[in-house]
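Biologist: Could you walk me through this one slowly? I would like to follow it piece by piece.
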Amino acid sequence: MAASRYEVAIGLEVHARLRTTTKLLCGDLAEFGAPPNTHVCPVCMGLPGALPALNEQAVDMAVLAALGLSSTVQERSAFARKHYFYPDLPKGYQVTQHGQPLATGGYLLLPDADGGKPTAIRIRGVHLEEDSGKSLHDRVAGATAIDLNRAGVPLVEIVTEPDLRTPAQARAFLSRLRQTLQYVGAGECDMEEGSLRVDANVSLRPAGTSTLGTRTEIKNLSSFSGVERALRWEIERQEGVLAAGGRVEAATLLWDAQRGEARPLRAKEAGADYRWLPEPDLPPLVLSEERMRRLKQAVPEMPDARAARFVRDYGVDPGHAEVLTGTREVADFYESVARRTDPREAAAWVMGDFLAAANAAGGDLDRFPVRPADLSGLIELLAAGIVSRPVARQVFARMAATGKPAAQIVGEEGWQRVDDADALGALADEVLRDHPDEAARLRAGETRLLDFFVGQLMRRSGGTADPQQAAAAITARLEIR
C-alpha cells in the first residue's frame with residue numbers, strides 16, 4: 001500500500017436524497033420504485049416556459065443535515081445552473097448551489113479503533129440541489145431507456161476536505177454520515193435505492209510533504225464496500241505510476257464493480273467547463289431567525305453525545321453504547337426500557353433477542369409488536385425470579401410472535417419458575433433413575449456429567465426449574481460434595 005512512500009489524501013462528495021414528499025422544484029412525487037416516467041411534469045422534463053417553485057420541506061431537511069454536521073448555515077444562499085450534457089438531464093443543466101452554498105464548515109468525528117482521540121473530518125460545504133434522471137441499459141435491447149422519475153428529486157451534497165487517509169477511513173466516514181442524516185431525519189440513505197451516492201477524489205503525495213498531488217475522481221459509487229474497493233484500486237494504480245517515474249493525470253474515472261477496476265470516463269473538468277450562471281428563475285434563499293430557531297430545536301441529541309450519556313447515566317459498556325445508539329429508533333427504544341428497569345439488563349436484551357427478532361421481522365420498530373413496556377415487564381419477571389432466563393427467552397419469542405405481554409404468556413403456559421424443593425427433588429429422582437450409568441459415573445467423580453443431568457432436569461421442567469437449584473438437588477441425591 002502507498003503508506004510507506006506516499007501519503008494518501010481522500011475527499012468525498014456525497015449526494016444524499018432528502019426525505020421529502022415531492023421534488024425540489026415542482027409538485028411531482030419524489031417516490032422510489034414507481035413505474036418509469038410516471039412522476040414527471042413540464043418542470044422536471046425541462047419543457048420551455050416551465051418555471052420552478054422551491055420545495056420548503058427540502059430546505060428544512062437540508063438545514064437539518066447541515067446542523068447535524070455542526071456546519072454554519074448561511075442566512076442567505078443562492079442557486080445556480082451547472083451546465084453539462086447527459087441524456088437523462090433534459091434541461092441541459094442542473095440546478096444546484098455554487099459560490100453561495102447553504103452551509104459551510106462543520107465536521108464529523110470518527111472514533112479511534114484503539115480508544116484514542118477521535119479524528120475530525122472537516123466539511124467544506126453543504127449544498128442543496130436537484131437530481132438527474134436515470135439511464136437504464138437493460139430495458140431495451142441495443143438501446144438506452146430514460147426514466148425521468150428521479151429528475152428533480154432533492155439532494156443534499158456534502159463535500160469534505162481531503163482529510164481522509166485510508167479507504168477504510170472513508171468507509172467509516174460514510175457510515176457515520178448516514179447515521180447522522182438518519183438521526184436528524186434528513187434522509188433514509190438507502191444505497192440500494194440509490195439515495196446515497198458518492199464521488200471520491202484521491203491523490204498521493206510524498207510522505208512528509210504538505211502539497212496535495214494531482215487528484216482523480218471516481219464517480220457514482222453506490223455502496224460502502226464499492227467506495228473502499230475503488231479507492232484501494234486507484235491508490236495502488238497511482239502509486240505504480242509514480243514509482244515508475246510517471247505523472248498522474250487529472251481524470252474522472254468510472255468504477256466497474258464486476259471487473260474490480262476503474263476506467264477513464266473523461267478528462268477532469270475545470271469550473272469553467274460547466275458554464276456556471278446564477279439561476280434566473282429562483283430568488284436567493286433567505287432563512288429567517290424564527291425558522292432557524294425552530295430547526296435548531298428540532299435537532300436531536302446526536303449519536304456521540306447520546307452514547308457518552310448512556311455510558312455515564314446507565315453504566316453500559318462503551319462498545320454496547322455504540323450499538324444502542326446505532327439508529328435513533330433503537331436508542332429511543334432502549335432508553336424507554338432502561339428508564340423502567342435495570343439499564344444493563346435492558347441493554348443485553350435490546351442488543352440480543354430484541355434486535356435479532358426485530359431485524360428478522362423487517363427492522364421496522366414501529367410495527368414490531370414488542371413495545372418498551374412489554375420488554376421491561378419481562379425483565380422484571382426475570383429479576384423477581386418468576387421465570388428463569390431460558391424461559392424468559394421463550395416468553396420473548398412468544399411476545400414477538402403474538403404481541404401479548406409477558407405476564408399473560410407466563411400465566412397461560414404455566415411457565416412460572418419451579419423452585420419448590422419437593423418438586424425439584426422428584427424431577428431429580430426421575431432423571432437419575434432414567435440414566436443409571438451416567439449417575440454412577442457422576443458419583444464416581446466424573447463431574448462434567450452434572451451439566452448433563454441439569455439439562456435433563458431443565459428439559460423435563462419445561463425450562464422452569466432454576467439451574468442452580470436443579471444442580472443442588474442432583475448432587476444431594478448422589479451425596480456429591
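**Strand E11 and its neighbours**

Modeller: Let me begin with a pair of strands in this predicted model: E8 and E11 run antiparallel, and seven bridges join them. In that pairing, Ile123 has Thr160 in E11 as its bridge partner.

Biologist: Which other strand pairs with E11, and in what sense?

Modeller: Strand E1, which covers residues 6-17, pairs with E11 in the antiparallel sense, over five bridges. There, His15 stands opposite Glu157 in E11.

Biologist: And how many of the residues of E11 are buried?

Modeller: Seven of the seven residues are buried, so E11 is largely enclosed by the rest of the structure. Pro154, Val156, Ile158 and Thr160 point one way from the strand, while Leu155, Glu157 and Val159 point the other way, and all of them are buried.

Biologist: OK, changing topic: how many salt bridges does the structure hold?

Modeller: The structure holds 41 salt bridges. One of them joins the side chains of Asp163 and Arg122, at 2.8 Å from N to O. This pair links distant parts of the chain, since Asp163 is in the loop between strand E11 and helix H2 and Arg122 is in strand E8, 41 residues apart.

Biologist: Are those two buried or exposed?

Modeller: Asp163 is buried, with a relative accessible area of 14%, whereas Arg122 is partly exposed, at 44%.

Biologist: What about Glu161, which side chain does it meet?

Modeller: The side chain of Glu161 meets that of Arg124 in a salt bridge of 2.9 Å, N to O. Glu161 lies in the loop between E11 and H2 and Arg124 in strand E8, so this pair ties together parts that are 37 residues apart in sequence. Glu161 counts as buried at 18% relative accessibility, and Arg124 is partly exposed, with a relative accessible area of 47%.

Biologist: Now Glu335, what is its partner?

Modeller: Glu335 forms a salt bridge with Arg306, and their closest N and O atoms are 3.0 Å apart.

Biologist: Let's go to helix H4. Which of its residues are buried?

Modeller: In H4, which spans residues 289-298, the buried residues are Arg291, Met292 and Leu295. They cover an arc of only 95° around the axis, which puts them on the same side of the helix.

Biologist: Why would residues a few places apart point the same way?

Modeller: An α-helix has 3.6 residues a turn, so residues three or four places apart point the same way.

Biologist: Then what does the buried side pack against, and which residues are exposed on the other side?

Modeller: The buried residues of H4 pack against helix H1 and strand E2, while Glu289, Lys296 and Gln297 are exposed on the other side of H4.

Biologist: Last topic, the backbone: what is phi of Cys189?

Modeller: Phi of Cys189 is near 60°, a positive value in a residue other than glycine. Most residues other than glycine have a negative phi. Cys189 is placed in the loop between H2 and strand E12, and counts as buried at 2% relative accessibility.

Biologist: And Arg275, where does it lie?

Modeller: Arg275 lies in the loop between strands E15 and E16. Phi of Arg275 is also positive, near 50°, but Arg275 is exposed, with a relative accessible area of 53%.

Technical notes: Residues numbered from 1 in each chain as written. Predicted model: local features only at pLDDT ≥ 70, side-chain atom pairs only at ≥ 80, totals over all residues. Heavy atoms only, no water. Buried < 20%, exposed > 50% of the residue type's maximum accessible area, 1.4 Å probe, protein only. Helix = DSSP H or I, 4+ residues; strand = E, 2+ residues; numbered from the N terminus. Arc of directions from axis to C-beta. Contact = heavy atoms within 4.5 Å. Salt bridge = Lys/Arg side-chain N within 4 Å of Asp/Glu carboxyl O. Pairing = 2+ DSSP bridges.
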